[in-house]
Structures are given as C-alpha cells and as structure tokens.
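Welcome! Take a moment to turn the model around on your screen, and then we will walk through it together.

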Amino acid sequence: MSKAKTNPIRNTNTNPNPKKIVKKLVSKVKVKVGCTTTRDYGCGRPEAGDASRSAVSLRFQELSLRHSDVQLLQGPHALNERLLEFYYTYLQTRRYKMKPELHFLSPALGHSLRLLELRERRRLVRDLQLPSKEFVFVPLSEDSHWSLLLVARPDRRFYYFDPEDNRHLNLAQLLYENLRFVLAADEYHFTVGRCLQQAKGQGHESGVHLMCMTDTLADYVARCGYATSTLLISFQEVRAMRSSQLQLIRTLGGNFPPSSSQAKSVP
C-alpha cells in the first residue's frame with residue numbers, strides 16, 4: 001500500500017500587513033535617532049507629577065493627542081510632531097477620503113525616508129503604494145522648523161515650500177534624491193516654490209505655516225489636478241489656524257485641559 005502524499009506546509013504570510021511593516025521600519029529609525037523634545041514621536045514619558053498634561057484629549061485613528069499637545073495649540077508655542085501627524089491623518093482619512101490619489105505622509109515616515117537604506121526605503125514606498133499616487137505630501141522637520149515637499153506626478157516635479165528663507169533647502173534636495181529612484185521619478189525636476197514667509201521673531205509658527213500650506217495646496221490639486229509653485233496664503237489664515245485646529249479637536253469629541261474649557265471656536 002503506497003503512502004499517502006502529504007502537502008508541504010504553505011506560508012500563509014505572503015501578503016504582510018503594510019501597516020505592520022511601516023511601524024517596524026519607523027521603529028528602526030526611532031532607535032537610531034532616539035526621542036528628543038524637538039522631534040516628538042510620542043514615545044517620551046511625561047514628567048513626574050504632571051498627570052494633567054499627559055491626560056488624553058482625543059483618540060483619533062491610532063493617534064492619541066494629550067492635554068500638553070492642546071496647550072501647544074493654545075499658546076504661542078511651536079507645534080510638535082504629534083499635532084502635525086494628527087492633522088495629516090485627518091486630511092487622509094476624513095477630508096480627502098474620497099481622493100485616493102492624494103497621500104499625506106506622517107512626519108515620522110517623512111523622516112524615515114531620509115535615513116533608511118535603499119532596500120528598506122524601496123520596501124516602505126511599495127507598501128505605502130506611493131508609486132500609484134498622483135500627489136504625495138511630505139512634511140520636513142529639523143531643528144524645530146517645518147517645511148513641505150510635494151511630489152506631483154502630473155507636473156513631473158518635486159515642489160519645495162519653506163516659510164523661512166528656504167532653511168530646509170539642503171534637506172529637501174536630499175529627500176528629492178532619495179525618492180527619485182524609488183518612485184520611478186528620475187526625470188522629475190526640483191522646484192523651489194513661493195509661499196508666505198514667517199514674520200520676524202515668529203519661528204515657533206513654522207508648524208502652523210505647514211498646516212496652512214498643506215491645506216491650500218491639497219485643495220488646489222484636488223480641484224485642478226495639477227500643482228502650483230506659488231501659494232497664496234495670508235497672515236490672517238495663519239493666525240486663524242490654531243483656533244481652527246482646536247475647534248476640529250472639539251468637533252471630533254476631544255476634551256481640553258480644565259483651564260482651557262472655554263477655548264474659542266473659529267468665527
């Protein structure tokens with residue numbers, strides 16, 4: 001009697017979860033650079049005896065905003081990475097949910113693309129399906145300053161916008177070189193765009209400028225199907241963005257620190 005043939009065990013994990021891969025790759029970068037106060041990945045521990053500041057204001061998707069984050073929005077303070085990630089996540093999953101051609105990279109992923117080796121960078125881009133996106137918004141952060149890099153396939157260009165005299169120009173060009181090959185964009189040009197510049201002594205507002213630039217540019221490409229190298233943003237829009245974000249957090253069910261329960265809504 002012949003022996004029955006047994007089927008070899010098949011590897012059922014042929015399609016790994018992209019989210020898990022992204023988290024794993026970003027974790028590698030976090031280990032390399034560590035956590036600092038200027039690049040808050042959300043892995044820092046709250047100061048002892050400061051339970052109120054570490055309390056959660058809002059849970060949105062996989063992100064938790066703390067009271068300390070809300071307080072940054074309320075005062076003349078620089079915005080941290082968690083606040084920018086919250087807004088980019090909101091744009092991706094709510095406002096532009098029906099626009100899959102637009103992709104908003106989180107600040108942590110934008111940072112990862114600068115540090116990962118080519119093989120890991122190619123894998124990250126593939127798992128995020130970036131080659132299929134028409135427009136990719138990449139927030140840039142270094143030395144407590146924020147700027148924006150936009151990959152625009154219809155234009156065959158990388159647009160760079162900086163609210164402080166092109167302070168991140170070298171950083172943006174480095175990322176441009178890192179992304180050209182993995183995005184099959186070898187022939188794309190690098191263009192320095194024009195945008196509203198921060199007022200003197202207002203360096204802490206670069207994160208707010210980034211939100212305004214992303215807001216304006218996303219609306220433009222969603223309507224027109226192509227990008228522009230000139231962003232028309234007013235100081236009034238910049239001043240209103242903090243209140244707008246506070247109102248958004250409240251609308252999504254967030255709670256504010258006790259001292260800020262009377263936070264003003266957007267007019």
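## Helices H4 and H9

Let's begin with a pair of helices in this predicted model. The way H4 passes H9 is a left-handed crossing.

Which residues of H4 and H9 make the contact? From H4 come Phe-86, Tyr-87 and Tyr-90, while H9 brings Gln-245, Leu-248 and Ile-249. Sorted by type, the residues of this contact are five nonpolar, one polar and no charged. 

## Helices H6 and H7

Now find a second pair. Helix H6 (residues 118-127) and helix H7 (residues 169-182) pack with their axes 10 Å apart, at an angle of about 70°. Because angles of 65 to 115 degrees count as roughly perpendicular, H6 and H7 are described as roughly perpendicular to each other. H6 passes H7 in a right-handed crossing.

On the H6 side, the residues that meet H7 are Leu-118, Arg-121, Arg-122 and Val-125. Their partners in H7 are Asn-178, Leu-179, Phe-181 and Val-182. This contact of H6 with H7 divides into five nonpolar residues, one polar and two charged. As a handy piece of background, an α-helix has 3.6 residues a turn, so residues three or four places apart point the same way.

## More about H6

Which residues in H6 are buried? They are Glu-120, Arg-121, Leu-124, Val-125 and Asp-127. Just after H6 you can find Gln-129, which takes a positive phi of about 60°.

## Helix H5, an enclosed helix

Why is helix H5 (residues 107-115) described as largely enclosed by the rest of the structure? Eight of its nine residues are buried, so H5 is largely enclosed. The buried residues of H5 are Pro-107, Ala-108, Leu-109, Gly-110, His-111, Ser-112, Leu-113 and Arg-114.

## The whole protein

Finally, step back and look at the whole chain. The protein has nine helices and seven strands. It is built from 267 residues, and buried residues make up 45% of them. The protein exposes about 14,600 Å², with carbon and sulfur atoms supplying 50% of that area.

How values were computed
Residues numbered from 1 in each chain as written. Predicted model: local features only at pLDDT ≥ 70, side-chain atom pairs only at ≥ 80, totals over all residues. Heavy atoms only, no water. Helix = DSSP H or I, 4+ residues; strand = E, 2+ residues; numbered from the N terminus. Buried < 20%, exposed > 50% of the residue type's maximum accessible area, 1.4 Å probe, protein only. Areas by Shrake-Rupley, 256 points an atom, 1.4 Å probe, with all protein chains shown as cover. Axes fitted to C-alpha atoms, helices over the stretch in contact; angles between N-to-C directions. Parallel < 35°, antiparallel > 145°, perpendicular 65-115°, else oblique. Left-handed = near helix turned anticlockwise from the far one by under 90°. Contact = heavy atoms within 4.5 Å. Nonpolar A, V, L, I, M, F, W, Y, C, P; charged D, E, K, R; others polar.
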